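Colleague: Before I use the words in your description, I would like to hear how each of them was decided.

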Amino acid sequence: RDRGSWFCEGCRLSIRPAPLTACKRCRRLVSLDPCPMCEAGEGPDSMIALARLEGPLRHAVHRMKYGDRPQLAAPIVEATLLARRLAPGTLVPVPLHRVRRRWRGYNQAELLVREIAARTSQPWLDALERGGARAPQVGRGGTARREALAGAFRWQVALPLPAAVVIVDDVLTTGATLLECARAARAAGVGRVETLAIALG
């Protein structure tokens, strides 16, 4: 690391953008293959990740999430944000269940959203709420994750609704969490729903 920073120049140069293609079936932009939006039969207008979850970025994301290092949100966003052009819209963090948030002390997705908003001047809104406590999703496949998360999120903000939102999470694995968050935003009446993760892993 450079003195006073988390990522040295070599670390920053090692960060690789996540793949991004237009799905051949639904034509939506996606960083996963197969496209989880097609498999689910519904979903957001895009599901993209900024960078690959590997090397120094992987270490930083894990330290932020599990190692009580909320201050790493700023260098993580700074190191990855230029990898993609963000869709316009109100930024919305993926919520943690209140029990897990109380235990961790913060929601890492909200920290990331705050940092992205500060750099892009996009508004942000803590609009989604997570329902009853559910088992962690680490290690589950896409179908199992979608089944476990069905109905887990709801839109909690009163009208007026944003015309477009960008739902933000730290890591994109199977897309199950972002699919359910998008479903909740759609059910509330949001017209355009994009989804974004910092890393694909």
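The conversation below takes the terms one at a time.

Modeller: This is a predicted model, in which local features need pLDDT of at least 70 and side-chain atom pairs count only at pLDDT 80 or more, while totals for chains, interfaces and linings use all residues. Residues are numbered from 1 along each chain as its sequence is written, and side-chain values use heavy atoms, with hydrogens and water left out.

Colleague: What does Lys-65 touch, leaving aside residues up to four places away in sequence?

Modeller: With contact taken as heavy atoms within 4.5 Å, Lys-65 touches Arg-104, Tyr-106, Gln-108 and Asp-170. Lys-65 itself belongs to helix α3, residues 55-66, where helices (H or I, at least four residues) and strands (E, at least two) are DSSP runs numbered from the N terminus.

Colleague: What makes α4 and α6 parallel, perpendicular or oblique to each other?

Modeller: Axes are lines fitted to C-alpha atoms, for helices over the stretch in contact, and angles run from 0 to 180 degrees between N-to-C directions. Helix α4 (residues 73-80) and helix α6 (residues 108-120) pack at about 55°, with their axes 9 Å apart. Angles under 35 degrees count as roughly parallel, over 145 as roughly antiparallel, 65 to 115 as roughly perpendicular and the rest as oblique, so α4 and α6 are oblique to each other.

Colleague: Which residues of α4 and α6 meet, and how are they classed?

Modeller: From α4, Ala-73, Ala-74, Ile-76, Val-77 and Glu-78 meet Leu-111, Leu-112, Glu-115, Ile-116 and Arg-119 of α6. By class, this contact has seven nonpolar, no polar and three charged residues, where Ala, Val, Leu, Ile, Met, Phe, Trp, Tyr, Cys and Pro count as nonpolar, Asp, Glu, Lys and Arg as charged, and the others, Gly among them, as polar.

Colleague: How do you know whether Arg-27 and Asp-68 are buried or exposed?

Modeller: Arg-27, in the loop between β1 (21-22) and β2, has a relative accessible area of 56% and is therefore exposed. Asp-68, in the loop between α3 and α4, has 52% and is therefore exposed as well. Phi is positive in each, near 70° for Arg-27 and near 55° for Asp-68.

How values were computed:
Buried < 20%, exposed > 50% of the residue type's maximum accessible area, 1.4 Å probe, protein only.
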